[in-house]
Amino acid sequence: NAGVMQNPRHLVRRRGQEARLRCSPMKGHSHVYWYRQLPEEGLKFMVYLQKENIIDESGMPKERFSAEFPKEGPSILRIQQVVRGDSAAYFCASSPPSRGGSSNTGELFFGEGSRLTVL
Amino acid sequence: AQSVAQPEDQVNVAEGNPLTVKCTYSVSGNPYLFWYVQYPNRGLQFLLKYITGDNLVKGSYGFEAEFNKSQTSFHLKKPSALVSDSALYFCAVRDRKGGGNKLTFGTGTQLKVEL
């Protein structure tokens, strides 16, 4: 399967616990994006990462949320001390790097999502 | 800031009839526009995109979209709807700052195709 892989698909946590969501981009893709989808709402951008760098975290809540994309391994979205309002579907997407200085005009490729439920 | 608006939360259409899902955009400069579809409990699937060129863009599953610069619209269309087209549709615009492919999405339109 050459698509974007997310795990776990479903995660249940109690308030105060930590949630870790993982995302492996498509082969050859070095850019990863995290989005959150709340019930009855659209997708909200959270963070954009390249290998070992956070490029844009303008959509990340200032507390409890963090993301990383290490040199080796998947990208991780970490939510500490979860609250009920964190219950949502979290989607990861990837894209290839820009080529030769011209802008990459390609689309994002999405994973199936990780659905977090906080009890 | 770049944004897109989907004015309809839900669109109902009979199978075999043409469908239109509306999207308007607000960008500085030339827009890069996209349509995605989401089936229940699934991720988003790319349908089509407008970068430059012909105003009528053809995509997956028989969908097409018409870019209209004067009306700042990018409506999704299909000549003959199928029940299997029932899903959540998102319009999106690419953020031109910061490189990469960061997309800003509309709130989505639920399409329901009935027999």
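Is A:Gln81 buried or exposed? A:Gln81 counts as exposed, because its relative accessibility is 53% and the exposed class starts over 50%. This is a predicted model.

**Backbone features**

A:Gln81 is found in the loop between strand 8 (75-79) and strand 9 (88-95) of chain A.

Chain B has a residue with a positive phi too. For B:Asn41, phi is near 60 degrees, and the residue is not glycine. B:Asn41 lies in the loop between strand 5 (33-38) and strand 6 (44-50) of chain B. B:Asn41 counts as exposed, because its relative accessibility is 55%.

A cis peptide bond runs from A:Asn7 to A:Pro8, with omega near -5 degrees. A:Pro8 sits in the loop between strand 1 (5-7) and strand 2 (10-13) of chain A.

**Salt bridges**

Side chains of opposite charge can pair when their charged atoms come close. Over all chains, the count comes to 10 salt bridges.

| Pair | N to O distance |
|---|---|
| B:Lys102 and A:Asp56 | 2.9 Å |
| A:Glu112 and B:Arg42 | 2.5 Å |
| B:Lys112 and B:Glu114 | 3.8 Å |

Take B:Lys102 and A:Asp56, whose side chains meet in a salt bridge. The pair crosses between chains. B:Lys102 is in the loop between strand 10 (87-94) and strand 11 (103-105) of chain B, while A:Asp56 is in strand 6 (residues 53-56) of chain A. B:Lys102 is buried, because its relative accessible area is 10%. A:Asp56 is buried as well, at 19%, and the cut-off for buried is under 20%.

Now A:Glu112 and B:Arg42, whose side chains also meet in a salt bridge. A:Glu112 lies in the loop between strand 10 (109-110) and strand 11 (114-118) of chain A, and B:Arg42 in the loop between strand 5 and strand 6 of chain B, so this pair joins two chains. A:Glu112 is partly exposed, with a relative accessible area of 26%. B:Arg42 is partly exposed, at 37%.

The side chains of B:Lys112 and B:Glu114 form a salt bridge as well. B:Lys112 counts as partly exposed at 41% relative accessibility. B:Glu114 counts as partly exposed at 37%.

Chain A also holds a network. A:Glu18, A:Arg20 and A:Arg78 are linked in it by salt bridges.

Methods: Residues are numbered from 1 along each chain as its sequence is written. Chains are lettered from A and ligands numbered from 1 in the order in which they are written. This is a predicted model: local features need pLDDT of at least 70, side-chain atom pairs count only at pLDDT 80 or more; totals for chains, interfaces and linings use all residues. Side-chain values use heavy atoms; hydrogens and water are left out. Helices (H or I, at least four residues) and strands (E, at least two) are DSSP runs, numbered from the N terminus. Buried means under 20% relative accessible area, exposed over 50%, partly exposed in between (1.4 Å probe, protein chains only). A salt bridge is a side-chain nitrogen of Lys or Arg within 4 Å of a carboxyl oxygen of Asp or Glu.
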